[in-house]
Amino acid sequence: MTDPSELLALRLALIGIIFAFVLVTALILRGTLMPRSRVQPGGAAAMLIVISPARTGLSPGTQFALAGETTIGRDVANGIVLADASVSGRHAIIDAYGATWAIRDLGSTNGTRVDGEHVAGDRVALRSGATLQIGAVRFSFDVSAGTNSTARSP
């Protein structure tokens with residue numbers, strides 16, 4: 001037989017492991033449900049504004065700040081996570097080069113569109129006010145007036 005203090009230590013260790021698992025799971029889920037973006041100081045003040053969220057759980061008007069290079073997709077490793085079946089794991093990438101913002105489709109299943117035109121492979125330059133469609137999710141692209149519009153190429 002084992003000592004009662006050994007059993008107590010094992011029980012406490014098991015409770016600690018279960019607590020750690022629940023905490024890590026909650027943090028991962030929180031990260032997939034919260035809008036995220038990678039913002040780098042000194043970059044152009046650009047953003048995506050949700051127009052039509054499809055089944056992402058986002059609200060119309062949700063804003064994602066952009067700076068540098070931002071990936072968009074269903075996978076939690078993306079800068080902007082869209083939990084919708086029409087969005088591929090790594091769907092598209094938006095980046096700034098020189099004074100221009102551009103989007104590139106990363107071989108997604110349901111495609112990427114800018115102002116209704118299909119984005120095929122190469123970068124497509126974005127203008128302020130453009131409508132982007134990632135799968136079934138629609139955004140408005142906006143570059144704030146009066147800000148530094150120069151960002152580094154990735």
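Strands β3 and β4 (residues 80-81) pair in the parallel sense over two bridges. Strands here are DSSP E runs of at least two residues, helices are H or I runs of at least four, and both are numbered from the N terminus. Two strands count as paired if DSSP finds at least two bridges between them. Ile 72 has Ile 80 as its bridge partner in β4. Strand β3 (residues 69-73) also pairs with β5 (residues 92-97). That pairing is antiparallel and is made by four bridges. Here Thr 71 has Ile 93 in β5 as its bridge partner. Strand β3 is mostly covered, with four of its five residues buried. Buried means under 20% relative accessible area, exposed means over 50%, and partly exposed lies in between (1.4 Å probe, protein chains only).

The model is predicted: local features need pLDDT of at least 70, side-chain atom pairs count only at pLDDT 80 or more, and totals for chains, interfaces and linings use all residues. Residues are numbered from 1 along each chain as its sequence is written, and side-chain values use heavy atoms, with hydrogens and water left out.

From the N terminus, the order is α-β-β-β-β-β-β-β-β-β-β-β. Of the 154 residues in the chain, 34% are buried. Among contacts between residues at least 6 apart in sequence, 49% join residues at least 24 apart. The accessible surface of the chain comes to about 8900 Å². Carbon and sulfur atoms account for 59% of that surface. Accessible areas come from the Shrake-Rupley method with a 1.4 Å probe; for residues, only the protein chains shown count as cover.

Leu 14, Ile 18, Phe 21 and Val 22 make a nonpolar surface patch of about 420 Å². Patches are made of residues with over 30% relative accessible area and no salt bridge; nonpolar side chains (Val, Leu, Ile, Met, Phe, Trp, Tyr) are joined within 5 Å, and like charges within 9 Å. Phe 21 lies in helix α1 (residues 4-33). At 59% relative accessibility, Phe 21 is exposed.

Two salt bridges are counted. A salt bridge is a side-chain nitrogen of Lys or Arg within 4 Å of a carboxyl oxygen of Asp or Glu. One joins the side chains of Asp 95 and Arg 123, at 2.9 Å from N to O. Asp 95 lies in β5 and Arg 123 in the loop between β8 (117-118) and β9 (124-126), so the pair ties together parts 28 residues apart in sequence. Asp 95 is buried, at 4% relative accessibility. Arg 123 is partly exposed, at 37%.

Asp 115 forms a salt bridge with Arg 127, with the closest N and O atoms 3.1 Å apart. Asp 115 lies in the loop between β7 (112-114) and β8, and Arg 127 in the loop between β9 and β10 (131-134), so this pair ties together parts twelve residues apart in sequence. Asp 115 is partly exposed, with a relative accessible area of 37%. Arg 127 is partly exposed too, at 45%.

Most residues other than glycine have a negative phi. Asp 115 has a positive phi of about 50°, although it is not a glycine. Ala 54, also not a glycine, has a positive phi of about 55°. Ala 54 sits in the loop between β1 (46-52) and β2 (63-66). Its relative accessibility of 37% makes Ala 54 partly exposed.

Technical notes: Contact = heavy atoms within 4.5 Å.
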